[in-house]
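Please examine the structure shown below.

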Amino acid sequence: MTKKNAAAPLEIHDLTVTYHRQPVLYGVDLIVDPGCLVGVMGPNGAGKSTLIKTIMGMVPPSHGWVKLFGQPFHKAITRVGYVPQRESVDWDFPVSVFDVVMMGRYKRLGLIRRPGKKDRDAVYECLEKLKMADLADRQIGNLSGGQQQRVFLARALAQESDLYFMDEPFAGVDAATELAIIELLRELKDAGKTLFVVHHDVTTARKYFDTLLLLNMRLVDFGPTEKVFTQQNLHKVYGGRLNILTEVATADAQQASEDKLESP
Amino acid sequence: MRSKPRKTNWSLPKVKTKVLSFFVVLFGVLGLGYVSLQGTPMGAQVDRFFSFQDPAVRLAVVACLLLGLNCGLLGAFMVVRRLALVGDTLSHCVLPGVILGFLWGMYKNPWTMFFGAALAGLLGLLCVSWIKRTTTVREDSVLGIILTSFYAVGICLITMIQRLNIEGKAGVDKFLFGQASALSEQDVLLLAIVAILAITFVVLFYKELLVSSFDPDFSRTSGIPVSFLFGALMFLLTFSVVTALQATGAVLVVAMLITPAAAAYLLTDRMHHLLIFASGLGMLSGLLGAFFSFLGSRLPTGPFMVVGAGAIFLLAFLFGPQYGVFPRIWRRYRYRSRIQGENTLKAIYRMLEDTKFEKRKVALEALARFRKQSFAEAVQDVKVLKRKGWAHFEDRSLKVMKLSPEGWHRACQITRNHRLWELYLTFEANYAPDHVHDDAERIEHLLGEEIVKQLEERLNFPNKDPHGKLIPSAKDIEEGLKIYGDDR
């Protein structure tokens, strides 16, 4: 931790979080390397959102610490971007698509200062990237679920961060948006950014992420997808609750072995 | 693409004339009312109000304007954050504080009452958040409990004071329903201070207030002091409620927080417009309240102000350009009549097509037969076209009609849309040719030039529809328009 640049984007040490004396997360240890596209998976109530909120300083940990780029959150704030769950805001709020994406620039602006032309240009660039420029003047309630998610991602892009936390960006979006999002995530990863993405769909997780984090109050496993995505691990995380998992895992394992046979 | 001009929702010139004519009518009505009141006692009161000579009137009007501004501006944040009930609780909590402030010096000292009220209000809010945090009682119940408890204490204190034999007690009961003419200069000074503070705060921290109201979690991760801003907002809100209390009364002050802002919400979907509209409508309600309470000599101001605000809300609800009831009905009517007209045009086009475009005129008798309707219905339909400038009658007896060049143009467009869409469904979406008509009937009215161009390209510039009929191309339409000028 002597050289700032060499510090990992995310380091968590023995993190425990409790709500009303009930532990939600227990003893999580984690180091994420730069340029990782991490999928965070676990059943409902496993503490996925809590983990992100604790990392970003919204929920105080009862034990342990979090460091981002070797610093506490409030010092690394400009290097960290956030995409909250789509349902967490009121979409009838009187703002336009443009206004929301502009919010991504606020932390670079600092208090009181108004956005200038440079910021507006940056906002339009982000909107273009997500093919939302035509809708810039729309009130956000008049958008489809997929378009709303694109707005949130455009806002995250406007933050120009090195490390992103995204809470279920794939929830309730159409197929075209899902594809656009995963392309964007890969693009960001190739640009050396680190992405920490909460994901619900077991069937696509293996395709989308190069690193997986399995969470169920405790950290069950963390590492390269091919090592973590095993029947045994999934069973550990989800328990017997999802029978389909076994099938998914077997089918995927078969697919993987077939791929290996074909590739050489 | 980069430097797109931000568009407003309204087309300005149109709205301007509408607004202008509205105000002309309004002032006409007011003027008539004023003239008819001349010479009556009420007329004298109206004169006194508008001449602004009476210092008491002046104070009351300025106070009502200021409190409308404060409450509208800050109330807008309550409304968009869905905290209207918190505002309600706050306004009732301040009552015991006001009375205690009075008891402090046994006279109506604006400063002690102000601080007493502010303390009581903030104490109430603290109680709410404390109970909410430490128990499982839900927020709405907590708000209900705190609101009523504090308010009840206030009422008890007022009743006690009225039993006491002290000089300055007159007017303490005014805190329940408000009396603007009882305001002193110091009260107005306090109102003005709060107004300046509120405006400065909102202008300086507009960006931060916007993001922290919309998405508090995101704001926290952006380093925005969410709790500080919320606290400051609550402080200012308490101040504005406390200073408004004498004019509006504790029972109804919350209406001034919510109603103008809610009315503004019906008129716009941009936060900065909403803030401006809410302040403006708040001021208007304040003025109405001051005026009417003055007319009836010493009627309580609060209820009139709130009735004014309610009337404004009702107007916005009924006539708001975007979401109002009547504009919506009007738009639906316009849309239906357009579709009706376009369907008539299409029928006429097909009749002309049957004559190989040899004829230009159409007998209404034939049109009625063609559309399987009565003659009277056909006359009605052509009258609709006439109103839109798409056709005219050739004779007085309404038996023969002819399309205008614009009507001809639109008829070609609609027919082209219809037939292109049928083709598209047949070849691109694999519909059976006998299943495409009904769908095309609906979509033909909605296709714009841009989509039609794309359709044509996609279908490789076809000239026949699935039923073998010719599709008028863009070129045909242009040329047809030229030919159409001469009379055949």
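Q: How many cavities of 30 Å³ or more does a search of the whole structure find, and what makes a set of points a cavity?
A: The search of the whole structure finds one cavity of 30 Å³ or more. On a 1 Å grid over the protein atoms alone, a cavity is a set of points where a 1.4 Å probe fits but cannot get out, and lining residues have an atom within 4 Å of a point. This is a predicted model, in which local features need pLDDT of at least 70 and side-chain atom pairs count only at pLDDT 80 or more, while totals for chains, interfaces and linings use all residues. Residues are numbered from 1 along each chain as its sequence is written, chains are lettered from A and ligands numbered from 1 in the order in which they are written, and side-chain values use heavy atoms, with hydrogens and water left out.

Q: What is the volume of the largest cavity, and which residues line it?
A: The volume of the largest cavity is about 120 Å³, a volume being the space filled by probe spheres set on grid points that are joined across faces, edges and corners. Its lining includes B:Phe114, B:Phe175, B:Asp187 and B:Gln246. H11(B) gives the most to this lining, with four residues; helices here are DSSP runs (H or I, at least four residues) numbered from the N terminus.

Q: How do the residues of the lining of the largest cavity divide by class?
A: Nine are nonpolar, two polar and one charged. Ala, Val, Leu, Ile, Met, Phe, Trp, Tyr, Cys and Pro count as nonpolar, Asp, Glu, Lys and Arg as charged, and the others, Gly among them, as polar.

Q: What makes a set of points a pocket, and what is the volume of the second largest pocket?
A: A pocket is an open set with protein on both sides within 12 Å along at least five of seven lines. The second largest pocket has a volume of about 850 Å³ and is lined by 18 residues, with B:Val128, B:Ser129, B:Lys132, B:Arg133 and B:Phe230 nearest its centre. H5(B) gives the most to the lining of this pocket, seven residues. By class, the lining has 11 nonpolar, three polar and four charged residues.

Q: Why are H8(B) and H11(B) called roughly antiparallel?
A: Their axes come within 10 Å and cross at roughly 155°. Angles under 35 degrees count as roughly parallel, over 145 as roughly antiparallel, 65 to 115 as roughly perpendicular and the rest as oblique. H8(B) and H11(B) are therefore roughly antiparallel.

Q: Why are H18(B) and H20(B) called oblique?
A: The axes, lines fitted to C-alpha atoms over the stretch in contact, with angles from 0 to 180 degrees between N-to-C directions, cross at roughly 45° for H18(B) and H20(B). H18(B) and H20(B) are therefore oblique to each other.

How values were computed
Helix = DSSP H or I, 4+ residues; strand = E, 2+ residues; numbered from the N terminus.
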